Amino acid sequence: MNSNIFISLSSLLPSKIGNLSFSDIQPAIDFYEEDLRSNNQNIHMDLLKNEFEFWKQKWSNEENNLPKNALDTLSKCPEDLFPHINILLKLLAIWPVSTASVERSFSSLKRIKTYLRNSTGEARLNGLALMNIHRDIQIDTDAILNMFASKKERRLDFKL
């Protein structure tokens, strides 16, 4: 069910709106009916349908520089012209995304910040966590050593 709502909401994006009809966003309208009501009044489906058609017409004239995500689209959606579309785009923008990388980062942090390393500073801890999470990235150690050797405010003197 959630995937139907997400697909329905994402069909409002200009890059996907091309051949869609009002019935394609109907699952999102039904699910978020309370959010779309203004001043506790019922939703006027004719008004919402006209708003959708106007939204579709707006993007049919533009072929290049179409926003591809909800935040970019939301910034180009005037709230006074498209109040319901604006609400639906806001809901799409805050839709929770489930990724394993967040869970991996917390697992990495748990391994890195042990009892013995509890006094590690935030900058160093972030660096160690990023290195642990993205360990597939190749690092040029010579470039890093040269960068540190060129800094004058170091307490150590690197001899290369």
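Which residues is Leu-36 in contact with, leaving aside its neighbours within four places in sequence? I looked this up first, and my list reads Ile-29, Ile-43, His-84, Ile-87 and Leu-88. Contact here means heavy atoms within 4.5 Å.

**Ground rules.** I noted that this is a predicted model, in which local features need pLDDT of at least 70, side-chain atom pairs count only at pLDDT 80 or more, and totals for chains, interfaces and linings use all residues. Residues are numbered from 1 along each chain as its sequence is written, and side-chain values use heavy atoms, with hydrogens and water left out.

**Leu-36.** I found Leu-36 in helix H3. Helices (H or I, at least four residues) and strands (E, at least two) are DSSP runs, numbered from the N terminus. Is Leu-36 buried or exposed? With a relative accessible area of 2%, Leu-36 is buried; the cut-offs are under 20% for buried, over 50% for exposed and in between for partly exposed (1.4 Å probe, protein chains only). I also checked Leu-36 against Leu-88: they are 52 residues apart in sequence, and C-alpha to C-alpha they are 8.0 Å apart in space.

**The whole protein.** I stepped back and found nine helices and zero strands. The elements therefore read α-α-α-α-α-α-α-α-α from the N terminus on. Of the 160 residues, 26% are buried. Among contacts between residues at least 6 apart in sequence, 52% join residues at least 24 apart. The accessible surface comes to about 12,100 Å², and carbon and sulfur atoms hold 52% of that. Accessible areas come from the Shrake-Rupley method with a 1.4 Å probe, and for residues only the protein chains shown count as cover.

**Helix H6.** Next I turned to H6 (83–93). Its buried residues are His-84, Ile-85, Asn-86, Leu-88, Leu-89, Leu-91 and Leu-92. They pack against H1, H2, helix H3 (33–36), H4 and helix H5 (70–75).

How do H4 and H6 meet, and at what angle do their axes cross? The axis of H4 (residues 45–60) comes within 8 Å of that of H6, and they cross at roughly 75°. Axes are lines fitted to C-alpha atoms, for helices over the stretch in contact, with angles from 0 to 180 degrees between N-to-C directions. The two helices are therefore roughly perpendicular, a label for 65 to 115 degrees. From H4, Leu-47, Leu-48, Glu-51, Phe-52 and Trp-55 meet Pro-83, His-84, Ile-85 and Leu-89 in H6.

**Helix H1.** In H1 (residues 2–10) I found Ile-5, Ser-8, Leu-9 and Ser-10 buried. Their cover includes helix H2 (26–31) and H6. Asn-4 also has its place in H1, but is partly exposed at 47%. Its C-alpha atom is separated by 9.9 Å from that of Gln-26, 22 residues apart along the chain.

**A surface patch.** Last, I looked at the outside. Met-131, Ile-137, Ile-139, Ile-144 and Met-147 form a nonpolar patch, with about 480 Å² of accessible area together. Patch residues have over 30% relative accessible area and no salt bridge; like charges are joined within 9 Å, nonpolar side chains (Val, Leu, Ile, Met, Phe, Trp, Tyr) within 5 Å. A salt bridge is a side-chain nitrogen of Lys or Arg within 4 Å of a carboxyl oxygen of Asp or Glu. Met-147 belongs to helix H9 (residues 141–150) and is partly exposed, at 43%.

Conventions: Parallel < 35°, antiparallel > 145°, perpendicular 65-115°, else oblique.
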